Amino acid sequence: MESKFVDEEIKYIGSQLAPHWIYKNFGICGDAIVSFIGEMDVKLTEMVDIEDVLTNSPIYSKKMVSFIIEQFGISLSECVVRQRFLMCIIIEELRKIVGDKFKIRRSGDDIFVNIDGVDKKLSVSIATQSITSCLIHTGLNIDPTGAPVDACGLTTDLGITDVETFAKNVMKRYIEEDTEISEATSKVRGV
């Protein structure tokens with residue numbers, strides 16, 4: 001599995017969650033994770049989460065760091081499990097930076113940070129299946145201005161200014177977990 005942090009800003013509009021988007025745009029063929037920073041504006045027409053469509057819940061944030069993962073040869077159920085451990089990795093990396101200053105919790109595929117007694121949403125995330133692969137998108141607010149929910153940001157609220165290094169650490173950890181999963185499945189005998 002390969003990773004790439006994209007230096008130029010990319011506005012995430014939902015259409016990037018597509019098979020081979022990483023390959024077509026960055027030349028990485030096969031399992032991959034990329035990260036980039038930019039505005040997020042996902043209209044209902046681009047929504048993958050049908051629940052969000054039914055509840056008329058578009059997604060917006062002035063600035064987010066996004067992660068897109070594409071993996072081949074896994075089921076949608078396994079993809080959702082991987083999405084959940086990505087969220088756990090993100091929380092662990094956040095705690096390395098902010099320590100116990102904030103109460104950070106995961107509920108399903110969402111991350112919340114308690115700020116002044118109020119749980120504020122830090123993340124958006126979705127896992128889905130294409131005709132050839134499984135895909136995950138996770139976005140973390142950097143500046144949540146304009147978000148349609150009570151949200152917080154990595155920089156605006158948690159004081160994290162080096163978002164690029166944070167994103168690279170998350171991707172490195174995800175690849176390590178992916179490698180360890182592969183190794184764990186190949187070192188045991190069947191019973």
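A residue is termed buried under 20% relative accessible area, exposed over 50% and partly exposed in between (1.4 Å probe, protein chains only). The model is predicted, so that local features need pLDDT of at least 70 and side-chain atom pairs count only at pLDDT 80 or more, whereas totals for chains, interfaces and linings use all residues. Residues are numbered from 1 along each chain as its sequence is written, and side-chain values use heavy atoms, with hydrogens and water left out.

Salt bridges, defined by a side-chain nitrogen of Lys or Arg within 4 Å of a carboxyl oxygen of Asp or Glu, number 12. In one of these, D41 pairs with K43 at 3.1 Å, N to O; D41 is buried at 16% relative accessibility, and K43 is partly exposed at 47%. E78 and R82 form another, at 2.9 Å. These two residues lie four apart in helix α3 (residues 76–98), and are thus separated by about one helical turn; helices are DSSP runs of H or I with at least four residues, strands are E runs of at least two, and both are numbered from the N terminus. R82 is buried at 6% relative accessibility, while E78 is partly exposed at 28%. A network of salt bridges links E92, E93, K96 and R173.

D109, in the loop between β4 (103–107) and β5 (110–115), is buried yet lacks a salt bridge, the nearest side chain of opposite charge being R84, 5.0 Å away. For this assignment, Lys and Arg count as positive and Asp and Glu as negative, without His and the chain ends.
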